[in-house]
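Thanks for making the time this morning. I would like to walk you through one model, starting with its open spaces and then turning to a few of its helices.

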Amino acid sequence: MITVGVEEEYLLVDPETLLPTPLVQEVRATARLAPLAEEREVQDELLQAQIEVATPVCTSLVEVGGHLLRLRHAVAAAAQANGCRIAVSATSPVRGAVPVPITSTARYVKMQQEARLLVDEQLICGMHVHVGMPDRETGVAVLNRLRVWLPTLLAMSANGPLWDGRDTGFASWRTIIFGRWPVSGPPPHFAGLADYEARVDALVEPGVIPDRGQLYWQARLSERYPTIEVRCCDVQLEADDAVMLAGVVRGLAATAIAEEKAGVTHTPCRPELLQAATWHAARHGISSTLVDPTGRLRGSGDVLCALLRYIAPALEDSGDHREVTSLVHRLLQRGTSADRQRRALAEAGLPAVGALITSGPTTPESPAGRDRSADGTWAPPAPPGVPPA
């Protein structure tokens, strides 16, 4: 079974004003004292108003969902104990006049010295999916085949429409902000592992980027784990949507491995087209059209259904077909987290947005209130009452 793990980033905000609150050290210290989370599972981030959680290595989506709920509970409780809340949004809806201080590590200090305004504006939160690989050569082959689906994954995950108190016009403003780093966006197509390593070395050795940690491609080989890391997704309002994306990414990786073993040919997508498709996905989410892997502009529902057909054999093999298919159909019915933020803003303004993104994992509208089976573990939703599109 191909393993999978998920990392999620959250904002720490004031419960009344939604302003970012630099309390990560206090929240981490409190979370470490709770039995729900281990120290290595809760980490700080670039800015002191951000916190990150990481699941253990998982073999099933039930494990992924259970760990995410556990970690969300632990961090939410720790935040509340310190007078703040976690906000599960890819962008901070509001920002204060004074920049949030950085976490004082040598690496982050250097980043601030080199890109001060860009660092100040990193009040953004993503979700990263790690998928286990047998070796790095296979990892590069998977990156080459998976890259054409990155805009679709981004569109499905969109959860960042607001910035400075207003709608940006983008479903994922995080993608636009993060795309300003020197090595970002969709990864190029590689001739193989040697090509990957040579091109990375050509960026690091002359100092164009300081280290491999600043390879901010939307998918890359992990330097710490035997995985590929898919980084294009916004953090999700609900844990079950994160589970859905983890299942889709694992399905894409398994499909890529099977195609590579079978010698199935593929035509690399041109980088300019993939970049434009990424911008389009960040702009619209799934509310309009998407650029499909062949470069055609099609309805979002058609592209998502094509995705499900493409990975169906891999989902069946892993036992994920029911969970992932049900959750994708639900996504098509109710829209993305960005759509929900916009509806809240239209209905009752920023206070309603704040209530939505800081509701925590114990309210009726949250994963813990809706996605637990009788024994308290995560359970996928029932299939929707409409046939697949």
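How many nonpolar, polar and charged residues does the lining of the second largest pocket have, by class? Before I answer, please keep in mind that this is a predicted model, in which local features need pLDDT of at least 70 and side-chain atom pairs count only at pLDDT 80 or more, while totals for chains, interfaces and linings use all residues. Residues are numbered from 1 along each chain as its sequence is written, and side-chain values use heavy atoms, with hydrogens and water left out.

The answer is 7 nonpolar, 5 polar and 2 charged residues, where Ala, Val, Leu, Ile, Met, Phe, Trp, Tyr, Cys and Pro count as nonpolar, Asp, Glu, Lys and Arg as charged, and the others, Gly among them, as polar. A pocket here is an open set of points on a 1 Å grid over the protein atoms alone, where a 1.4 Å probe fits, with protein on both sides within 12 Å along at least five of seven lines, and lining residues have an atom within 4 Å of a point. The second largest pocket holds about 310 Å³ of space, the volume being that filled by probe spheres set on the points, which are joined across faces, edges and corners. Nearest its centre, among its 14 lining residues, lie R145, V148, H266, P293 and Y310.

The largest pocket holds about 1,200 Å³, and of the 43 residues that line it, E7, E52, H128, R224 and E229 are the closest to its centre. Its lining divides into 15 nonpolar, 14 polar and 14 charged residues.

Helices are DSSP runs of H or I of at least four residues, and strands are runs of E of at least two, numbered from the N terminus. R145 is itself one of the buried residues of helix 5, and what covers them includes helix 6, helix 8 and strand 11.

Finally, T358 sits in the loop between helix 14 and helix 15, where its side chain reaches the backbone oxygen of G354 at 2.5 Å.

Key
Buried < 20%, exposed > 50% of the residue type's maximum accessible area, 1.4 Å probe, protein only. Contact = heavy atoms within 4.5 Å. Polar contact = N/O pair within 3.5 Å; in protein donor to acceptor, adjacent residues only side chain to side chain.
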